[in-house]
Amino acid sequence: MKILLLGKNGQVGWELQRSLAPLGELIALDRQTIDGLCGDLANLSALRDTIDQVRPDVIVNAAAYNAVDKAESESELALRVNGQAIQVMAEEAVRLGAWLVHYSTDYVFDGKGQTPWQESDVPAPLNRYGESKLAGEMAIQASGCKHLIFRTSWVFAARGQNFAKTMLRLARERQELNVINDQVGAPTGAELIADVTALALQQALTRPELAGLYHLAAAGEVSWHGYARHVLDFAKASGEELAVQMINPIDAVAYPTPARRPLNSRLNTQKLRTNFSLHLPDWQSGVTRMLREVLNK
Ligand code: NDP
């Protein structure tokens, strides 16, 4: 079996290089062109040619335009990478009879209420990034290709940039931090996402009726403020020297950003756990593991 992985150097892409390796021959690309293969999602014709050349049995796309605030002013590029490129992948997957595995986000929802979102809930993105990711989902669903779409949230990894690592850096520099306390979700490790992807894909290959849209997030919930406290408490207890004395909870309205973000990012993962008989560990266990790696503890 031949697997084409796009976005191999992102948080999730890096972990997928590990978790997909035992499933088949892996051709992993980033946005560079190597040996005539181009993984730049902004170059739609080169992307199509690349899929044509590789003729994969499975396309796994971990590449995305993820700059949520910048997408407000670069909406055309965000839509090309997160929407039109996904349509190209879906069309090629149909033509080749290949599977397409793709990732989306809790940001397709408007964040109203406090109930964890189900796959059947109606999306209503608040920002351009969310709109572009929803366009990608819809292109896959409309194409009729065999697919797995995993909506995830608040991704972290030891490698790459994320909220936890930003908090560690700021806590070394500043005595006081203000962190949003009214947006709630589940920090989800790239390792977990990659492992679940491999396990689910292996089952779906022999049971195509498992194809579809799934919510994939670690168990439990926390605000950004609670998440920051968890990270910094762990760092302090591990002997890290931090300047920070106060971590103040603030409301999102007190921290205006170009893109609006949902308050309720909770994802209901029942469908994934039931259909694939999987267990999703709590967010703390993944974060602790990542911190041990980052802090070398
Ligand atoms: P990262 O930002 O860590 O990685 C994204 C990768 O995509 C990077 O390697 C980046 O390359 C690459 N990329 C960006 N633009 C292009 C392009 N035009 N062509 C090819 N590659 C490109 O993302 P994650 O691993 O965290 O995200 C994985 C998936 O999960 C994405 O679909 C994302 O939308 C989704 N998701 C992520 C969340 C998060 O908190 N990070 C939350 C919810 C969902 P480069 O470094 O060169 O820019």
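A salt bridge, as I use the term today, is a side-chain nitrogen of Lys or Arg within 4 Å of a carboxyl oxygen of Asp or Glu. Keep that in mind. One more thing before we start: this is a predicted model.

Let's take the salt bridges. By that rule, there are 15 salt bridges.

Start with E91 and R48. Their side chains form a salt bridge, 2.8 Å from N to O. E91 sits in helix α3, residues 75-96, and R48 in helix α2, residues 44-54, so this pair ties together parts that are 43 residues apart in sequence. How accessible are the two partners? E91 is partly exposed, at 33% relative accessible area. R48 is also partly exposed, at 30%. R48, D52, E91, E92 and R95 are linked in a network of salt bridges.

Next, E137 and R151. Here the N to O distance is 2.7 Å. E137 belongs to helix α4, R151 to strand β7, residues 146-152, and the two are 14 residues apart. Buried or exposed? E137 counts as buried, with 2% relative accessibility. R151 is buried as well, with a relative accessible area of 2%. The cut-off for buried is under 20%.

Third, R289 and E191. The closest N and O atoms of this salt bridge are 2.9 Å apart. It links distant parts of the chain: R289 in helix α9, residues 283-295, and E191 in helix α6, residues 190-206, 98 residues apart. R289 counts as exposed, at 51% relative accessibility. E191 is partly exposed, at 27%.

Now the ligand. Which residues are closest? A polar side-chain atom of R31 is 2.6 Å from a ligand oxygen. For N66, a polar side-chain atom lies 2.7 Å from an oxygen of the ligand. In K133, a side-chain N or O atom is also 2.7 Å from a ligand oxygen. Taken alone, the ligand exposes 900 Å², and the protein buries 77% of that.

Where does the shell come from?

Definitions and conventions: Residues are numbered from 1 along each chain as its sequence is written. This is a predicted model: local features need pLDDT of at least 70, side-chain atom pairs count only at pLDDT 80 or more; totals for chains, interfaces and linings use all residues. Side-chain values use heavy atoms; hydrogens and water are left out. A polar contact is a pair of N or O atoms within 3.5 Å; within protein, one must be able to donate a hydrogen and the other to accept it, and residues adjacent in sequence count only if both atoms are side-chain atoms. Accessible areas come from the Shrake-Rupley method with a 1.4 Å probe; for residues, only the protein chains shown count as cover. Helices (H or I, at least four residues) and strands (E, at least two) are DSSP runs, numbered from the N terminus. Buried means under 20% relative accessible area, exposed over 50%, partly exposed in between (1.4 Å probe, protein chains only).
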